[in-house]
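I ask you to keep the structure in view while I go through some of its local features.

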Amino acid sequence: MELPVPLRQGVERLLEKVPLPMLKQAAKTLSDRYRAELRDGRLHMAEEMAVKAYLAARLPATYAAVRASLDALSDARPDYAPKTLLDVGAGPGTVLWAALDLWPDLEQAVLIEASAAVRQVGEALATEAMTARVAWLAGDVTIDLADLKPAELVTCAYVLDEIGPASLPKLIDRLWHLADDTLLVVEPGTPAGWQRILAVRRHLIEAGAHVLAPCPHEAPCPLAPPDWCHFSRRVARSRLHRLAKDADVPWEDEKFIYVAGSRHAVAPPQARVIAPPKSGSGKVLLKLCEKDGSADEKLFTKRDGEMFKAARRLDWGDALPE
């Protein structure tokens, strides 16, 4: 998966005069903070160089994860095409770009971002490419959501790892209250990210939300540590991306986990693939989370006819059709 052309070109323009040694050092510092999930009172991207490091080293991957999560939401509700978006902790507008790529008729977006440096970059990237009316607002997502207007789609991507666990229930309550239709939360695909998504999922179900994706049920998650639920998207690395990360391989795999809760119920899929498929001659083994609330591996062979043909086409994260 690659960035939309206007976004990629905008990033290249912003980074073309940045000295590579500075970019590499900033990328390493940013990566270390993300990996450690530091909550030291500082924003991960408080300074301009950290923002530029994010554009070079992290934006392609987070975009891919967000877009995949939105695709799953859209697959669950093919008739859903939101006109309004509220994105909290918006970064440089990652969710907005992904939403517009999927729903070009999006009319209005409000983006909440605490870092002035990030807002400035996000506005610069969006200036020439956006058809939607976009408003960027300064704000701390844990305290500054009181006066916002609801939106059809509310999103919160790669944000909760910067928030203390005690603040999470109140934040999710507020985000759900602001969602006229659907709330999507995306987190890194780590065991800790999965636990945060499980907490969000429980909270949304208790509030009356219907889980659209990824879960095909609203029972407790059937997985238990050391196993955890997550998905992956392969991301093509640009030359600058490789240089910023000292990487030789022209791609990377972004692990992520998400949950989409809606005010509208949909018929759940039969199951979802929750691990890379294992294929052999005339057979495919899928690890499935099923709509009865269980999770198990199932072997499909040619004897299964059309179901085998369907199973053979599925990838990690796909829904198994009825």
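In the hairpin of S11 and S12, four residues lie between the strands, and Gly-293 takes a positive phi near 95°. This is a predicted model, and every value I mention is computed from it. Strands S11, residues 283-290, and S12, residues 295-301, run antiparallel and are joined by seven bridges.

Tyr-158 belongs to the loop between strand S4, residues 151-157, and helix H7, residues 168-178. Is Tyr-158 buried or exposed? With a relative accessible area of 12%, Tyr-158 is buried.

Let us turn to the loop between strand S6, residues 210-213, and strand S7, residues 231-236, where Pro-214 is placed. The peptide bond from Ala-213 to Pro-214 is cis, with omega near 0°.

Finally, the cysteines. How many disulfides does the structure hold? The number is zero. For Cys-215, the nearest cysteine sulfur belongs to Cys-289 and is 6.0 Å away. Cys-215 counts as buried, at 17% relative accessibility. Cys-229 has its closest cysteine sulfur in Cys-221, and because the two sulfurs are 6.1 Å apart, they are too far for a bond. Cys-229 is also buried, with a relative accessible area of 12%.

Notes. Residues are numbered from 1 along each chain as its sequence is written. This is a predicted model: local features need pLDDT of at least 70, side-chain atom pairs count only at pLDDT 80 or more; totals for chains, interfaces and linings use all residues. Side-chain values use heavy atoms; hydrogens and water are left out. Two strands pair if DSSP finds at least two bridges between them. Helices (H or I, at least four residues) and strands (E, at least two) are DSSP runs, numbered from the N terminus. A disulfide is a pair of cysteine sulfur atoms within 2.5 Å. Buried means under 20% relative accessible area, exposed over 50%, partly exposed in between (1.4 Å probe, protein chains only).
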